[in-house]
Amino acid sequence: MNSHRKGTPSARFTTYIDFEERPIDVPEETNVDEEKIEPHLLPGEIMIARANNVLKFAPLKANRTGISGTLFVTNFKVSFVTSLPVETKERDMHSRSLQNRFLGVHDVCLSEVDMVNQFSEDSAKKKRLLYNTQMPPRLSGLQLVLKSLRVINFSFKFTPTGEDIRVAQALLHHAFPTSIDHLFLSCGYAPSSPGIPDFCRPADWEHELQRTRCPNWRVSKHNEFFNLCASLPTVLVVPRDLLDAQLEQAAQHFQGTRPPVWCWGTPAGAALVRMAQISPSITDKQQENRMMGLVHRCHPMRLQPKIFDLDQILPSLKEIQISYIKLRELHTPDDPTQFWEQDRHYFSRLESSRWLSHVSKCLEVAQNAATAILHQNSSVILQDASGCDLSAVISSLVQLLLDPHVRTIRGFHCLIQKEWVALGHPFTKRLGHTRNQVEEQSPVWLLFLDCVYQVSLQHHTALEFTSEYLVALWHAAHCSLHSSFMFNSVSAKYSASDVLQRENPQQPIYLRPVWSWWAENKSIIENEQNGSDEEPLDCKTSAREAFLNVHYIQKLFKSLAISGAVRRISDPLSSAYHTWQHIDCLMGETRQLPYDPATPIVPLQLDGSLRLDTSLSNLRPWLNCFCAWLSEPAMLTLNDSESLLKDSSPASHHWSHIHEMYNTMKDLLSQNLTNGAAQ
């Protein structure tokens, strides 16, 4: 089970120590053979460097509390392995870490590392280490600042000379690659099908057109070989009256050759369209006007579309990045003194970062766009510089506010795959997966997830998924084991796959979509690391209760609590039947996350009930994402760990009640079926 423990001896250990009394954790009776301590490796993962007798310090303990072990750098992760025995609470934390962060408690994916600093236990000074700078002869310690807003400190006080430098050099080289195909992207383990459309096939877009019943649009295959646009998928939805030759001609006038493309619409004809700005070198706006006119004519009532120039009304990518840096500084204090100083001025510092101001503005624009579609039946054109950044944020939020299917976990998966992955949000550049083009970094993805979190706070029964699920998606964006959020486009993914296959002709290359994680019964890391099929805990139940909103399910049950509901459940044409099928998909033990793809999806029925208060005073900082370092596993006192586990666990009494209702309903339906057969 535990990827961070090896060879636990029978001798007694002290896990939490004070370095004044005991400078390092060692067996009290038996010495541990450091050479026998090894990290668990996935197929294709190789160890690059190791350092023995490393101390991992607890956050905010002034580098006086921690545990000892061996630090490894592989081509996939930084792994800290200790021989100390496992505490029960730490075992629970490890399980939650695998579920939410995709790695064990003491493992960090290399693509998650944001900065590497040199630090000393005796000094508050830090020095950033870069991949191209000369190393000092000796390192006292390393501080890893992670993109997930965590800080980890390692001390080399007792490490043999030379091992500290080798680990640091390996870390700097492999955590900041020059190209995306240098990351560990394939573990040679084929993913199970998650049942989520990739929106790279005509059938996927045809199905979306049929589901929304939006008229006068068609699927074009003109980008089949990415000859039209490298950042768009191989198939596009364009105005019905637009010929492919005209589409190609028009595309040349837009930045990145990204012409207007349909992404969602309503049965009444209001379409949601995304497009890039006209290229700066183009002075003639005739093609832009022509494309606007085609969108206009697609509407059955010929209503004029509303254009949202997001570059004018939303913060720039640079402003978002600056806010994120301030947000990171606020939530990653180095020591208790800095923590308490920031805590006293937390809200003023948060306000000065302007992060919540950006969240507020995005929600306001999305609500205005949703209002135009819902109440004015207007098509909405979202335009930003590249057509793949803030337009993805607003388009996704509009659909969340209007489309009940998107509020389910499966529908949300489909939304992200369509709007962010298929339509080419440049994750590589924006999240800094490579060391090139640092100036283009901007966490637009985090901004979107925070917006969704704010929606969940104001409408706590509306979304099928929890904020913990959103945090897991943020972590997934920095785990190269899953390919969904690693590339700038579908084309870039195909190119990287080709490179990897040429370099490894004897080994099949599997780029795993993140959705496969929830589609599998067991964690692939858990099984591959243990080499065992045993599952020590019910991962499906654990993931279900962590990622599913119990209040959403309670609302589904409440809709059945009316006279005659049980009788109508057996009628496939009744709403009660479909509600029960939905509940059964969510609760059934034989179901797999993200639930049965064979479950029919009902046609779009607009729901504008999610009205938002977008004022700053009504927004809340996303603490279980920004302050995740507070629950750094195995690093806290036992009392701290117990308190954090209690505070962060799902409402167990709610789940107990839900399971009781589900089992009661199943028994009742079974009895009715038996009685009906007997009669």
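Author: Gladly! Buried means a relative accessible area under 20%, exposed means over 50%, and partly exposed is in between, with a 1.4 Å probe and protein chains only. Before going on, please keep in mind that this is a predicted model, in which local features need pLDDT of at least 70 and side-chain atom pairs count only at pLDDT 80 or more, while totals for chains, interfaces and linings use all residues. Residues are numbered from 1 along each chain as its sequence is written, and side-chain values use heavy atoms, with hydrogens and water left out.

Leu423 sits in the loop between α12 and α13 (427–430). Helices here are DSSP runs of H or I with at least four residues, strands are runs of E with at least two, and both are numbered from the N terminus. If we set aside neighbours within four places in sequence, Leu423 is in contact with Trp205, Ser231, Leu232, Pro233, Arg258, Cys263, Arg274, Cys388 and Lys418. Contact means heavy atoms within 4.5 Å.

Now step back into helix α12 (residues 409–422), where you will find Ile416. Ile416 has 0% relative accessibility and therefore counts as buried. Beyond its neighbours within four places in sequence, Ile416 is in contact with Val421, Trp445, Leu473, Phe485 and Trp515. Ser484 is 68 residues away from Ile416 along the chain, yet their C-alpha atoms are separated by 9.6 Å.

One of those contacts of Ile416, Trp445, leads us to helix α14 (residues 444–458), which packs with helix α11 (residues 390–402) at an angle of about 20°, with their axes 9 Å apart. That angle makes α11 roughly parallel to α14. The axes are lines fitted to C-alpha atoms, for helices over the stretch in contact, and the angles run from 0 to 180 degrees between N-to-C directions. Angles under 35 degrees count as roughly parallel, over 145 as roughly antiparallel, 65 to 115 as roughly perpendicular and the rest as oblique. The crossing of α11 and α14 is right-handed; a crossing has that label if the near helix is turned clockwise from the far one by less than a right angle, and is left-handed if anticlockwise. From α11, Leu390, Val393, Ser396, Leu397 and Leu400 meet Val444, Leu447, Phe448, Cys451, Val452 and Val455 of α14. Between α11 and α14, the residues of the contact divide into ten nonpolar, one polar and no charged. Here Ala, Val, Leu, Ile, Met, Phe, Trp, Tyr, Cys and Pro count as nonpolar, Asp, Glu, Lys and Arg as charged, and the others, Gly among them, as polar.

Helix α20 (residues 550–560) and helix α22 (residues 575–587) pack at about 150°, and their axes are 10 Å apart. The two helices α20 and α22 are therefore roughly antiparallel, and their crossing is left-handed. On the α20 side the contact involves Tyr552, Ile553, Leu556, Phe557, Ser559 and Leu560, and on the α22 side Ala576, Thr579, Trp580, His582, Ile583, Leu586 and Met587. For α20 with α22, the contact residues are ten nonpolar, three polar and no charged.

Next come two backbone details. Most residues other than glycine have a negative phi. Leu149, although not a glycine, has a positive phi of about 65°. Leu149 lies in the loop between β7 (141–146) and β8 (151–155) and is buried, at 0% relative accessible area. Asn53, in strand β1 (residues 47–57), also has a positive phi, near 55°. Asn53 is partly exposed, with a relative accessible area of 26%.

Finally, here is the chain as a whole. The chain holds 25 helices and 14 strands, and buried residues make up 57% of its 679 residues. Among contacts with a separation of 6 or more, 75% join residues 24 or more positions apart.
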